[in-house]
Amino acid sequence: EQVGVVEALAVLVDQLPELIPLQDQNLLAALSELLKMASVADGEMSDPNLIGAVVDKNGFVPRSEKDSKEESEPSFRASSLLLRRDCVVEMGGAKLFVGEDLPPGVQLRVSSIQLLRSVIRGNPDVFFDAETSTPVGNIRPHVISLLFRSLESMPVQAVASAHDALRDVLTLSVVTIDGPEGTKSKSRLRKELLQTCIRPVLLNLRDHTRLTTYLLRGLEQLLSLLSSWFNKTLAEKLLDHLQKWTDPNMIRSQKTSKLGEEAGKIPP
């Protein structure tokens with residue numbers, strides 16, 4: 001039900017952006033609630049009422065320390081037995097694309113990202129120019145943070161949606177300014193905000209034992225979006241880490257991976 005509402009709202013905002021402007025209080029309330037659910041699930045903020053009822057960026061249900069220190073995987077719907085991958089249905093000469101059926105929590109995150117992308121595309125000036133003291137300006141850093149966090153998700157659908165949304169964000173944030181020295185391009189995204197969002201990835205690259213296939217995949221997406229932000233030193237460090245990470249003796253001695261989850265194995 002939540003997924004259906006979010007997806008319907010995404011279509012309306014995308015196709016008729018003037019129908020529900022970004023300043024609409026009801027839309028802002030819905031976006032704020034989605035952002036809160038994602039932040040609690042990812043450990044960015046706490047709310048005991050939501051623990052066990054939300055799904056994090058990797059598709060797991062975080063548990064409170066009182067219940068369990070482990071995470072449990074969300075259940076699939078019965079239709080997942082039939083929709084295990086994307087497919088195309090042909091009906092009377094027409095083709096209908098049917099996406100893979102995801103766990104409800106994962107699908108909610110993907111749909112939420114798509115809604116946020118539609119909101120930004122339909123209201124770029126309002127989103128980027130709003131003062132930080134306004135409701136729109138208040139949710140802006142949380143939206144950008146969610147998109148960057150989702151680049152490191154296990155579900156590839158969340159990664160793809162976040163990448164597409166961030167590509168639009170970086171493109172739409174740029175404006176052309178005429179000045180005495182000619183025309184210049186300027187980004188309306190604060191550099192400090194982008195650095196804050198990128199920092200967790202860079203911190204994990206300090207130690208090769210922190211590397212995961214999901215982190216590397218997220219780094220690949222990040223480099224495709226912000227390649228100019230990184231220098232040759234990062235590549236050299238990453239190559240050095242990968243040599244250690246994939247060394248069998250190092251894996252056995254430091255137990256950096258569980259049996260069957262060794263470096264180089266990418267889950268389906």
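Trainee: A salt bridge is a side-chain nitrogen of Lys or Arg within 4 Å of a carboxyl oxygen of Asp or Glu. How many salt bridges does the structure hold?

Mentor: It holds 8 salt bridges. Keep in mind that this is a predicted model, where local features need pLDDT of at least 70, side-chain atom pairs count only at pLDDT 80 or more, and totals for chains, interfaces and linings use all residues. Residues are numbered from 1 along each chain as its sequence is written, and side-chain values use heavy atoms, with hydrogens and water left out.

Trainee: OK. Which residue forms a salt bridge with R121?

Mentor: D168 does, with the closest N and O atoms 3.9 Å apart. The pair links distant parts of the chain, with R121 in helix α3 and D168 in helix α6, 47 residues apart. Helices (H or I, at least four residues) and strands (E, at least two) are DSSP runs, numbered from the N terminus.

Trainee: Is D168 buried or exposed?

Mentor: Buried, because its relative accessibility is 15%. The cut-offs are under 20% relative accessible area for buried, over 50% for exposed, and partly exposed in between (1.4 Å probe, protein chains only). R121 has 43% relative accessibility, so R121 counts as partly exposed.

Trainee: What about R188? Which side chain meets R188 in a salt bridge?

Mentor: That of D129, at 3.1 Å from N to O. Here too the pair links distant parts of the chain: D129 is in helix α4, R188 is in the loop between β4 and α7, and 59 residues separate them. R188 counts as buried at 19% relative accessibility, while D129 is partly exposed at 44%. Elsewhere, salt bridges that share partners join D42, R109 and R149 into one network.

Trainee: How far apart are the closest N and O atoms of D42 and R149?

Mentor: They are 2.9 Å apart. D42 lies in the loop between α2 and β1 (87-91), and R149 sits in helix α5, 107 residues away in the chain. D42 counts as buried at 17% relative accessibility. R149 is buried as well, with a relative accessible area of 11%.

Trainee: And S39? Where is it found?

Mentor: S39 is in helix α2 (residues 25-41). It is buried, at 9% relative accessible area. Leaving aside neighbours within four places in sequence, S39 is in contact (heavy atoms within 4.5 Å) with E44, M45 and R149.

Trainee: What do the buried residues of α5 pack against?

Mentor: Their partners are α2, α3 (104-122), α4 (124-129), α6 (156-172), α7 (191-204) and α8 (213-225). The buried residues of α5 include V136, I139, V143, L147 and F148. An α-helix has 3.6 residues a turn, so residues three or four places apart point the same way. In α8, the buried residues include Y214, L215, L219 and L222.

Trainee: New topic, strands. In which sense do β3 and β4 pair?

Mentor: Antiparallel, over 6 bridges, with strand β3 covering residues 174-179. Two strands pair if DSSP finds at least two bridges between them. β3 and β4 form a hairpin with 2 residues between them. V175 stands opposite K186 in β4. Strand β4 (residues 182-187) is hardly covered, with 0 buried residues among its 6.

Trainee: Which residues form a nonpolar patch on the surface?

Mentor: L12, L16 and L19, with about 250 Å² of accessible area together. Patches are made of residues with over 30% relative accessible area and no salt bridge; like charges are joined within 9 Å, nonpolar side chains (Val, Leu, Ile, Met, Phe, Trp, Tyr) within 5 Å. L12 is in helix α1 (residues 2-15), and it is partly exposed at 36% relative accessible area.

Trainee: Last one, the whole chain. How many helices and strands are there?

Mentor: There are 10 helices and 4 strands. Of the 268 residues, 38% count as buried. Among contacts between residues at least 6 apart in sequence, 56% join residues at least 24 apart. The accessible surface is about 16,200 Å², and carbon and sulfur atoms hold 53% of it. Those areas come from the Shrake-Rupley method with a 1.4 Å probe; for residues, only the protein chains shown count as cover.
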